[in-house]
Amino acid sequence: QVQLVESGGGSVQAGGSLRLSCAASGWTSNNYQMGWFRQGPGKEREGVAAISRIGALGASNYADFVKGRFTISQDNAKNTLYLQMNSLKPEDTAMYYCAAAYQWATIPALLPGTYTYWGQGTQVTVSS
């Protein structure tokens, strides 16, 4: 059974940085998509960044509002997905979720409905 566990959230001031981690267990495929999503108070869940991989081929995709500030990466040896967040803004405050699906895509999806497996989330709070 696939399990995703996020960590690394916290409280920072605007302009600061955080790195989120998502440890995956029970994963059995080299053909997948994984992504980071967020949900702020009173808002819908939205895609932040995603990767897809089939064998040695990979791709990434970012929401416009994080391009140039956030970087998604992974350590296959550790079965861990990361989200490096720099130049954080108060509007980045949200619960951040890791998600995964057994499905390759040329352009990794930023739509929550694409993903099957979800972590429990980690809170990120950015103060001005």
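**Figure 1. Arginine 69 sits in the loop between strand E6 (57-62) and strand E7 (70-75).** Strands here (E, at least two residues) are DSSP runs, numbered from the N terminus, as are helices (H or I, at least four residues). This is a predicted model, where local features need pLDDT of at least 70, side-chain atom pairs count only at pLDDT 80 or more, and totals for chains, interfaces and linings use all residues. Residues are numbered from 1 along each chain as its sequence is written, and side-chain values use heavy atoms, with hydrogens and water left out.

Figure 2. Is arginine 69 buried or exposed? Arginine 69 counts as buried because its relative accessibility is 11%; buried means under 20% relative accessible area, exposed over 50%, and partly exposed in between (1.4 Å probe, protein chains only). Leaving out residues up to four places away in sequence, arginine 69 touches Gln84, Met85, Asn86, Ser87, Leu88, Lys89 and Asp92. Contact here means heavy atoms within 4.5 Å. Look also for the polar atom of the arginine 69 side chain that lies 3.0 Å from the backbone oxygen of serine 87.

**Figure 3. Tyrosine 96 belongs to strand E9 (residues 94-101).** With 0% relative accessibility, tyrosine 96 counts as buried. Which residues does tyrosine 96 contact, leaving aside its neighbours within four places in sequence? They are Glu6, Leu20, Phe37, Arg38, Val48, Phe70, Leu83, Met85, Gly121, Thr122 and Val124.

**Figure 4. Polar partners of tyrosine 96.** The side chains of tyrosine 96 and arginine 38 are joined by a polar contact of 2.9 Å. A polar contact is a pair of N or O atoms within 3.5 Å; within protein, one must be able to donate a hydrogen and the other to accept it, and residues adjacent in sequence count only if both atoms are side-chain atoms. A polar atom of the tyrosine 96 side chain also lies 2.7 Å from the backbone oxygen of aspartate 92.

**Figure 5. Stepping back to the protein chain, we find zero helices and 11 strands.** The radius of gyration (taken over C-alpha atoms) is 14 Å, close to the 14 Å from the globule rule for 128 residues, so the chain is as compact as a globular protein of that length. That rule is 2.2 Å times the number of residues to the power 0.38. Buried residues make up 42% of the 128 residues. The C-alpha atoms fill a box of roughly 40 × 30 × 25 Å, taken along the principal axes.
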